[in-house]
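Here's a quick briefing on the chain contacts in this one, plus a helix worth a glance. Have the sequence and structure open as you read.

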Number of protein chains: 4
Amino acid sequence: MGTNRLEAFSDGVIAILITIMVLEMKPPQGDGLAALAPVAPVFLSYVLSFVYLAIYWNNHHHMLHTTRRVSGGVLWANLHLLFWLSLIPFVTGWMGRNHFSATPTAMYGVVLFMAANAYSILQWTIIASQGEDSILKDALGGDWKGKGSILLYLIAIGSAFYAEWIADAIYVGVALMWLIPDRRIELALERRKTND
Amino acid sequence: MGTNRLEAFSDGVIAILITIMVLEMKPPQGDGLAALAPVAPVFLSYVLSFVYLAIYWNNHHHMLHTTRRVSGGVLWANLHLLFWLSLIPFVTGWMGRNHFSATPTAMYGVVLFMAANAYSILQWTIIASQGEDSILKDALGGDWKGKGSILLYLIAIGSAFYAEWIADAIYVGVALMWLIPDRRIELALERRKTND
Amino acid sequence: MGTNRLEAFSDGVIAILITIMVLEMKPPQGDGLAALAPVAPVFLSYVLSFVYLAIYWNNHHHMLHTTRRVSGGVLWANLHLLFWLSLIPFVTGWMGRNHFSATPTAMYGVVLFMAANAYSILQWTIIASQGEDSILKDALGGDWKGKGSILLYLIAIGSAFYAEWIADAIYVGVALMWLIPDRRIELALERRKTND
Amino acid sequence: MGTNRLEAFSDGVIAILITIMVLEMKPPQGDGLAALAPVAPVFLSYVLSFVYLAIYWNNHHHMLHTTRRVSGGVLWANLHLLFWLSLIPFVTGWMGRNHFSATPTAMYGVVLFMAANAYSILQWTIIASQGEDSILKDALGGDWKGKGSILLYLIAIGSAFYAEWIADAIYVGVALMWLIPDRRIELALERRKTND
């Protein structure tokens, strides 16, 4: 079975998630700039989550370029990833409404942590279905970036109860780390072509 | 007429349904873990419905692999299925808010029952449009899994008024039964290829 | 320019419209069957609008099968149709909440009337872009069904202020008229093939 | 990497944005025409934003016809554009609820200004990725229409604090300017074909 419909469905879900978070930002009743002030933390949490979902979409897009056939296991690993991503609007709203206080900030990290694990599981499921000659395995290598992110989320969850700004700084830092274009998959695809 | 646009539209509707249920989970006002407690049943009902919609998407995806042309009857049978699926967020929200009490739990089963019937109707409409040589008919055989699910939903609806946990256990059980990869369609496609 | 992206965008908008209407049906707070009673009129108006949007999607799907190239005029005529369709959830909610009272019922007809006109404009824009040899023109003939529907909506709008049930009966009647499979476009496509 | 999935994702996001604005228009509780009066400004702001999003979708559609390959930079420039477009429902709701008063009207202009800049950045990113022989660069020329719109938004933001109607008139005027079909890209594509 081809990857078309898997991509279309994932695109649909991520597109909806990225836009329904905006519904959480209620237009204020007053009409001065001061009326916007209470919306500011909700806006900041929206920007952060927009960037995270955009990174996931981007990486998902690249990952599926290495694969042509989709097994039942891959379908479910993908749905598992979408499940954790679907909780991002909820924790974003909770964190924004409570001005980045300890528990919501930690819970935001828990969802990022689970989503990152789900992404890893999806990667290994695809690699397993590709067999020995997996391009994706080639591209990932030790996947230090993925493993590092998961470790950093754990540190953020713990530090949220000590000082929230550390957790927030880690979330921003991990996002920036992934924003820098990642050429691992493109390089692996090129290497493969050269060898053929 | 091809299946492309039917798939795209169904994917769109299911992707939206699976994500708007998250809007039903309102981020709580408080910021402690205790504030999350009232959200717990809504969360559990969300997980259950996410899995059900994922199963429907998955099976729908496989079923359409057996067909190439779409008749007017198939279009409407598909819209009929989407109608019943579209009621899942409503009954999910109702069941979650009322902590899985009797009537909402039974009503959840009614919607699952109607959706399962709509799925059967869609199957038979496709089979009828494929004529004698239908691959889908080949794959389904007696469709004991589909018929059994419908029967189990009926039992769940009745037992909800006696003890809600029986109904909930049945909903979880049927979902697990479908989560186990179903190779009927893939096997039928392979058999067909071998015969050619 | 091809029709692919026009179809994808229209599918997206119609899929979202058909599902967000469900958000208008708020799960009731109580947990008995009696708690569902106030939701009943909202549910009925939802069913009616679901069927209307499904009919529009279905006919749109068929209409675009007759065309290959999309001009700027067609793009805007299509967006104009989507605009009127996008108001259906609003009037559906208004009519449902007010138990099909006079003004909301008439306003529902106004939106159906405008959408039907927008659909006609889209048809004629496509026909104009296809030139003399238009398959769509061939298929439509005098388009009595389209013109009749527009006239019936006008009658419904007027009669809503006299007796709401007449308007409601007309809305149901027109929907049923379109539910019966319309083979005009399929026949025109077949005729064309035979002639070639 | 091809443009397919970029188009599909952008279509999804724009389709959702254009439809969720309708959720901001709450069906009124009363059932007379008078009950619709408070909805009027929200409706007007909805129409304006619908047209703006439709124009963006339309131009995006044309722009991507000039390109075949998508670089990492283009993916992010596109997501940056989608971010600013995603704020349109928020400022639309704020402006509509406050009857087009000064600050919300100015803020609406700020979002249009940022979106227009994001669109320019996306254009230049695509041109840079196409190299010397860029069709898009050919089509845009000095891009006076794009630059003029950005300047007009700046004037509108300033004048909103002096007299709101000037800002509103500018928003409507710029929209009308873009509604008139823009044949620059089509002409450039034709010229290219003739030269080959």
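**Chain A with chain B**

In this predicted model, the contact between these two chains draws 24 residues from chain B and 23 residues from chain A.

- On the side of chain B that touches chain A, the elements giving two or more residues are α1 (4-24) and α2 (40-64) of chain B.
- α1(B) gives the most to that side of chain B, with 10 residues.
- Sorted by class, the residues on the side of chain B that touches chain A come out as 14 nonpolar, seven polar and three charged.

**Chain C with chain D**

- Over at the other contact, chain D puts in 23 residues and chain C puts in 23 residues.
- Looking at the side of chain D that touches chain C, you'll find that α1 (4-24) and α2 (40-63) of chain D are the elements that give two or more residues.
- α1(D) supplies the largest share of that side of chain D, at 10 residues.

**A helix in chain C**

- Helix α5 of chain C runs over residues 102-130, which is 29 residues.
- From first C-alpha to last, α5(C) reaches 42 Å, close to the 42 Å expected at 1.5 Å a residue.
- Just after α5(C) comes C:Gly131, with a positive phi of about 80°.

How values were computed:
Residues numbered from 1 in each chain as written. Chains lettered and ligands numbered in written order. Predicted model: local features only at pLDDT ≥ 70, side-chain atom pairs only at ≥ 80, totals over all residues. Contact = placed C-beta atoms within 7 Å. Helix = DSSP H or I, 4+ residues; strand = E, 2+ residues; numbered from the N terminus. Nonpolar A, V, L, I, M, F, W, Y, C, P; charged D, E, K, R; others polar. Expected span 1.5 Å × (residues − 1).
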